[in-house]
Amino acid sequence: MARNLVFMLALTSLYIGLAAADWNILNKKVTNGAASFLKSYCESWRINVELNNIKGFEVVPQECVDFTKHYMKSSQYTADSERAIEEARLYLSSCCSLEGDGKDAWIFDVDDTLLSTIPYFKKHGFGGEKLNATLLEAWMKQGKAPALDHTLKLFHEIKDKGVKIFLISSRSETLRSATVDNLINVGYHGWCSLILRGLEDDLMKVQQYKSEARQRLIKEGYRIWGITGDQWSSVEGLPAAKRTFKLPNSMYYLS
């Protein structure tokens with residue numbers, strides 16, 4: 001009897017261990033039911049990041065890293081980004097009574113809005129590793145970030161309408177030369193100003209820094225018709241633009 005009880009306990013422990021293993025997206029032996037549930041969970045996590053319900057995360061949940069990687073490299077990511085850009089294009093075609101006095105303005109973020117950091121995150125876990133600012137800046141200094149093609153087209157369409165374009169980035173001022181060269185090399189040109197973080201901005205949250213940059217533009221008489229960025233900290237806060245367009249990005253969160 002005791003021997004049978006020991007056997008049953010061992011069998012139960014084995015079953016529980018196998019069931020627990022089913023919840024790891026990296027496990028090749030995951031059952032279809034568990035895989036489906038985990039995919040739904042990770043998609044829900046990603047959507048709630050985009051909705052700004054999930055804030056301030058330092059890393060993507062480990063069970064969702066593979067899912068995030070596949071999404072950021074997928075045609076769905078491209079389609080989601082293009083949908084946001086198309087909405088900006090439609091808005092711009094009908095919304096704005098441009099004055100033509102040089103004070104109509106549009107703001108773009110840089111990373112994962114104009115330039116893609118996906119080549120960097122391919123080597124750094126697609127958000128599964130805590131962001132290492134030193135390594136990321138070293139990569140940025142190489143000036144090899146590719147353009148996001150859909151945003152590149154919108155950038156030039158806005159510029160061709162006579163709207164002044166301002167780039168407000170959380171990149172450090174020390175990266176100015178590399179950033180300018182990178183932008184020009186992939187097809188961006190004709191922006192009015194590139195605003196980067198100086199030493200006096202280091203202690204600010206990203207949202208405060210970008211809000212204060214917008215405030216300076218408003219004081220100079222600019223009308224900000226739109227903001228395009230991949231982080232909520234790029235589009236939230238006062239003064240607000242008339243419309244904001246957020247691009248998808250579930251690899252990292254900047255507040």
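**Close-up views of a predicted chain**

Strand S4 (residues 223-229) and strand S5 run parallel and are joined by 4 bridges. Strands count as paired if DSSP finds at least two bridges between them. This is a predicted model: local features need pLDDT of at least 70, side-chain atom pairs count only at pLDDT 80 or more, and totals for chains, interfaces and linings use all residues. Residues are numbered from 1 along each chain as its sequence is written, and side-chain values use heavy atoms, with hydrogens and water left out.

**View 1. The S4-S5 pairing.** Two bridge pairs mark this view. Thr228 has Phe245 of S5 as its bridge partner. Ile227 is bridged to Thr244, also in S5. S4 is mostly covered, with 6 of its 7 residues buried. Buried means under 20% relative accessible area, exposed over 50%, and partly exposed in between (1.4 Å probe, protein chains only).

**View 2. The S1-S4 pairing.** S1 and S4 also run parallel, joined by 5 bridges. Trp106 has Gly226 of S4 as its bridge partner. Strands of a sheet pair through backbone hydrogen bonds, either parallel or antiparallel.

**View 3. The whole sheet.** The open sheet has 5 strands in the order S3-S2-S1-S4-S5, with parallel pairing. Strand S3 (193-197) and strand S5 (243-246) stand at the edges. Each has a single partner strand, so one side of each is left without a neighbour in the sheet. From one strand to the next, the twist averages 20°. Helix H4 (residues 75-94) packs on the sheet and touches strand S1 (104-108), S4 and S5. The direction of H4 makes about 160° with that of S5. Axes are lines fitted to C-alpha atoms, for helices over the stretch in contact; angles run from 0 to 180 degrees between N-to-C directions. Contact means heavy atoms within 4.5 Å.

**View 4. Helix H8 on the sheet.** Helix H8 (residues 176-185) lies across strand S2 (164-172) and S3, running at about 140° to S3. Which residues of H8 are buried? They are Ala178, Thr179, Asn182 and Leu183. These residues cover an arc of only 125° around the axis, which puts them on the same side of H8. The arc is that of the directions from the helix axis to the C-beta atoms. The cover over the buried residues of H8 includes helix H6 (133-141), S2 and S3. Ser177 and Asn185 are exposed, on the face of H8 turned away from its buried side.

View 5. H8 is followed by Gly187, whose phi is positive, near 120°. His156 lies in helix H7 (residues 149-160). His156 is buried, with a relative accessible area of 17%. Not counting residues up to four places away in sequence, His156 touches Gly187, Tyr188 and His189.

**View 6. The chain as a whole.** The secondary structure comes to 10 helices and 5 strands. Helices (H or I, at least four residues) and strands (E, at least two) are DSSP runs, numbered from the N terminus. Of the 255 residues, 44% count as buried. Among contacts between residues at least 6 apart in sequence, 72% join residues at least 24 apart. The accessible surface comes to about 13,600 Å² (Shrake-Rupley method, 1.4 Å probe). Carbon and sulfur atoms hold 56% of that surface.
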